[in-house]
Amino acid sequence: MSLIDILLALLLVAVIVLVAFIILTVQKVTKILGTVNETMGEVKRTVNVVTNDVDNLSVEVQGLLNKSNLLLNDINGKLEKTDPLFTAIGDVGVSVSDINRTANLAAKRFTVKRQTRNNSVVKTASSLNRIIRQFKK
């Protein structure tokens, strides 16, 4: 066997090892790609389920929003109908305040007149008392 035969034999062994390594690597890559393919299929099914659920939920949410808008419009309408009531209550409050103010003024005038009369009576009594004392002397 010559040196060339040995080199060719070593080259042949190296090529066989390389081909075996490539075949094993391709098998592993094929397995990995199969797993990735299954995972992508699961992801696709999950996305479809989530999309359907979101579509159903969005329809339900839209219905709830419509009902909420109707209820708010109804409540606003009913509150607008009570506005005259609160206006009337405010007017009654103003009237009661005016009556209280007038009553207080009348009470003050009465008190002033009464004090004036009382002062006049006291002055008159005091004057009469002086006159009587002078008369007695």
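The side chains of E42 and R45 meet in a salt bridge, at 2.3 Å from N to O; the term covers a side-chain nitrogen of Lys or Arg within 4 Å of a carboxyl oxygen of Asp or Glu. Before going further, note that this is a predicted model, where local features need pLDDT of at least 70 and side-chain atom pairs count only at pLDDT 80 or more, while totals for chains, interfaces and linings use all residues. Residues are numbered from 1 along each chain as its sequence is written, and side-chain values use heavy atoms, with hydrogens and water left out.

Helices here are DSSP runs of H or I with at least four residues, strands are runs of E with at least two, and numbering goes from the N terminus. E42 is partly exposed at 44% relative accessibility, and R45 is partly exposed too, at 47%. That label sits between buried, under 20% relative accessible area, and exposed, over 50% (1.4 Å probe, protein chains only).

By this rule the count comes to three salt bridges. In another of them, K78 pairs with D74 at 3.3 Å, N to O. These two are four residues apart in helix α1, again about one helical turn, and D74 is partly exposed at 39% relative accessibility. Then there's D98 with R101, at 2.9 Å from N to O. Their spacing in helix α1 is three residues, or about one helical turn, and D98 counts as partly exposed at 35%.

Now zoom out to the fold. The protein chain has one helix and zero strands, and helix α1 takes in residues 3-136. Of the chain's 137 residues, 0% count as buried. The chain exposes about 12,700 Å², with carbon and sulfur atoms supplying 68% of that; areas come from the Shrake-Rupley method with a 1.4 Å probe, and for residues only the protein chains shown count as cover.

Part of that surface is worth a look. I4, L8, L11, V15, V19 and I23 make a nonpolar surface patch of about 550 Å². Patch members have over 30% relative accessible area and no salt bridge, with nonpolar side chains (Val, Leu, Ile, Met, Phe, Trp, Tyr) joined within 5 Å and like charges within 9 Å. L8, one of the patch residues, lies in helix α1.
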